[in-house]
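Have the model open beside you as we go.

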Amino acid sequence: MKKVIVSVDSAADLPRDIAEKYDIKVMPMCVVVQNEMFRDGVDINAEAIFGYVEKNGEIPKTSAVSPGEYMDYFEPLMKEGSVVHLSFCAELSSTHRNAKLASARLGEIYAIDTRNLAGGISLLALKACKMRDRGCGAEEIMLEMKRLIPKARVSYLLDDIGFLAKSGRCSAAAAFGAGLLSVRPCAAMVDGKIEVIKKYRGKSKAVRLQYASEQLENNGNIDFETAFIYHSGVPGNELATVEAMLRQAGFKNVITAETGCMISLHSGKNAMGVHFLVK
């Protein structure tokens, strides 16, 4: 049986040490700043994004990875084996479509629309690696990934709604009202789209704990193998408290990761997300 290569788009925000530990390949997505192209996690990071927005008052653009770029990325991997590639949500970007075009030309590549981002991709990748290490083939892994896609629970508590407004995800008026009332929205992936599903009021620390607790309370039959805590500048003591809460709830592994460019372009500073799968 051919070796299986597990691959993700950089919107997975997979920590480098985790990617190296599990031998997960990462395709950098693209950010355009003043007409110059940068690769997410390679040439630019979230800190640079925030600095640019503070200075210029505008959100950088994203650019889909082209079919040709995917072909250049996939070809060396194909020399090692069959590729299972977990794509960023097709409803938010054309990157998946372009990965599919490249895979159609090359063969031996299973490009899967995760309909998700961040932990919704990373958690699938870890499951795929576990199957790979058990000797499962690429097609079997692909089928299991498609079964698991609806099981992902991905959301973020935003410290403010400004970045969503500037990126066109909500109206400027709604953003102004949210800021005026100290509202902290919770944005979640729902059927492949980003939607504000709840609005919290209160101080950041208390609201973050409430949000994390409610993610556990509102989801039954949780897969307690792994949870991700994603954040964009949340204080370490608060992250430690949330991690302790998740471990006490029963999670065997809790991985804390910083948001990359693709997520930070919408979440802004001091956002936090708790991501996991249900059975």
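Q: Which residues do ring pairs link into a cluster?
A: Tyr70, Tyr73 and Phe74 are joined in this way. Keep in mind that the model is a predicted one. Across the whole structure, a search turns up five aromatic pairs.

Q: Why is the aromatic pair of Tyr70 and Phe74 called stacked?
A: The ring centres of Tyr70 and Phe74 are 5.5 Å apart, with 20 degrees between the planes. Rings pair if their centres lie within 6.5 Å, and planes under 30 degrees apart count as stacked.

Q: Where do Tyr70 and Phe74 lie, and are they buried or exposed?
A: Both belong to helix H3 (residues 67-78), where four residues, or about one turn of the helix, separate them. Tyr70 and Phe74 are both buried.

Q: What makes the aromatic pair of Phe251 and Phe276 tilted?
A: Here the distance is 5.8 Å centre to centre and the angle between the planes is 50 degrees.

Q: Which parts of the chain does the pair of Phe251 and Phe276 link?
A: Distant ones, 25 residues apart. Phe251 sits in the loop between helix H10 (236-249) and strand S13 (253-258), while Phe276 is in strand S14 (residues 272-278).

Q: Why does Phe251 count as buried, and why does Phe276?
A: Buried means under 20% relative accessible area. Phe251 has 3% relative accessibility, so the label buried applies. Phe276 has 0%, so Phe276 counts as buried too.

Q: Why do strands S4 and S5 stand at the edges of their sheet?
A: The open sheet has three strands in the order S4-S3-S5, with antiparallel pairing. Strand S4 (36-39) and strand S5 (61-63) each have a single partner strand, so one side of each lacks a neighbour in the sheet. From one strand to the next, the twist averages 40 degrees.

Q: How do you know that S3 and S5 pair?
A: Two strands pair if there are at least two bridges between them. Three bridges join strand S3 (residues 30-33) to S5, and the two run antiparallel. In S5, Ser63 is the bridge partner of Cys30.

Q: What is the volume of the largest pocket, and which residues are closest to its centre?
A: The volume is about 740 Å³. Of the 30 lining residues, Asp13, Leu14, Arg16, Gly41 and Gly260 are closest to the centre. By class, the lining has 12 nonpolar, eight polar and 10 charged residues.

Key: Residues numbered from 1 in each chain as written. Predicted model: local features only at pLDDT ≥ 70, side-chain atom pairs only at ≥ 80, totals over all residues. Heavy atoms only, no water. Axes fitted to C-alpha atoms, helices over the stretch in contact; angles between N-to-C directions. Phe/Tyr/Trp six-rings, centres within 6.5 Å; stacked < 30°, edge-to-face > 60°. Buried < 20%, exposed > 50% of the residue type's maximum accessible area, 1.4 Å probe, protein only. 1 Å grid on protein atoms, 1.4 Å probe; cavity = no way out; pocket = protein on both sides within 12 Å on 5 of 7 lines; lining within 4 Å. Points joined across faces, edges and corners; volume = space filled by probe spheres on them. Nonpolar A, V, L, I, M, F, W, Y, C, P; charged D, E, K, R; others polar.
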